[in-house]
Amino acid sequence: MIDLRSDTVTQPSQAMREAMVQAEVGDDVYGEDPTVNRLEATAAQLLGKEAGLFVPTGVMANQLSIKLHTRSGDEVIVESSSHIIRFEGGSASALSQVQLSCVPGDRGILALNPVQAAWRSKNVHNPCTTLLCLEQTHNVGGGSVYPLKTIETLTSWAKAQGVACHLDGARLFNAVVASGISAAEYAQYFDTVSFCLSKGLGAPVGSMIVSTLENIEKLRRLRKMFGGGMRQVGILAAAGLFALEHNISRLKEDHEHAKQFALQLQQIPTVFVDPDRVETNIVVFEVVRSDRSTPELLQAFKEAGVLLNAMGDRVFRAVTHLDVDGVDIEKAAQNLGSVLSA
Ligand code: TLP
């Protein structure tokens, strides 16, 4: 089975598992896990921030950040197809009692004018807009990379209105590798930045938040409140450190595989895909002129040995990662071609 559902499906390598076995551990709620402390310091340094916090998931990283920057009743500007609105179980409203103002972007990338229009002026009728969240790379946008200039424009405008800025950088390092712009250059525009260790970087679990020391202390307290205070978790932090040390530059291969996959899919007459839009490790494509439904197509792909996720009506997402190579990609595209020509 060639699993292209997500880059979350990767298995920890043997070398990563060995690093986990060797990890020195302590009780992290007491701040005594040396491996977690090392991971938090490494993440902060890599992103040019004062401090870091290890959290179990990307959702928790986003939700703690939303909690930090808002008060109940506030409004948060997000892109209409962002992970925060689409895939986090309604947690922003449930856990922080905020409402989300959804602004459509171009493949997930927001422009300044509609964001300005979504901002609420200070008036007793209006909710207070206190946070702007961007996503790098944009998942539903097809792994699109936020241009640095756009980030600068959006965040400098937001800051001038007193609006805090959070980056859901679940796949920030894919953007770093694709653009050649460092993580710190991207991070400098945001009050908080999260990124995932458990996607393309290949760790089995874990995400990071980086920010000022003051914010991280508040987030540490919130993490405890949300039930994310972990104990001898250096065993997992060791996988994260290994991922940061070994698995960043190889993301380039995933990007090449995604491009290769899109180019092969383009040869299938009933597939619409634009390989020029494949910037990182995500390929979004549409099956046109098919009388099979989305679930029927997913099942047929599965029977042909390829696992994908659906993003909409006959719109599918394939994500490349460190457990698939060029041969797998070629085979996956051929198998999809056979299914669609049958
Ligand atoms: N994304 C998952 C699914 O939840 C859709 C995937 O397979 O792509 N931000 C972004 C941009 C994400 O893509 C994800 C996971 C998260 C946050 C949440 O990370 P986890 O799954 O660790 O909570």
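Reader: Which helix gives the most to the shell around the ligand?

Author: Helices are DSSP runs of H or I with at least four residues, strands are E runs of at least two, and both are numbered from the N terminus. Here helix α3, residues 58-69, leads with three residues in the shell. Keep in mind that this is a predicted model, where local features need pLDDT of at least 70, side-chain atom pairs need 80 or more, and totals for chains, interfaces and linings use all residues. Numbering runs from 1 along each chain as its sequence is written, and side-chain values use heavy atoms, leaving out hydrogens and water.

Reader: Which residues come nearest to the ligand?

Author: A residue is near if one of its heavy atoms lies within 4 Å of the molecule. The shell has 15 residues, and S6, G58, H83, D168 and R171 come nearest.

Reader: Okay, backbone next. Which residues does the cis peptide bond join?

Author: Most peptide bonds are trans, and most residues other than glycine have a negative phi. In this model a cis bond joins Q136 and T137, with omega about -10°. T137 belongs to the loop between β5 (129-135) and α7 (148-160).

Reader: And what is the phi of R107?

Author: R107 is not a glycine, yet its phi is positive, about 50°. You'll find R107 in the loop between β4 (99-103) and α6 (112-118).
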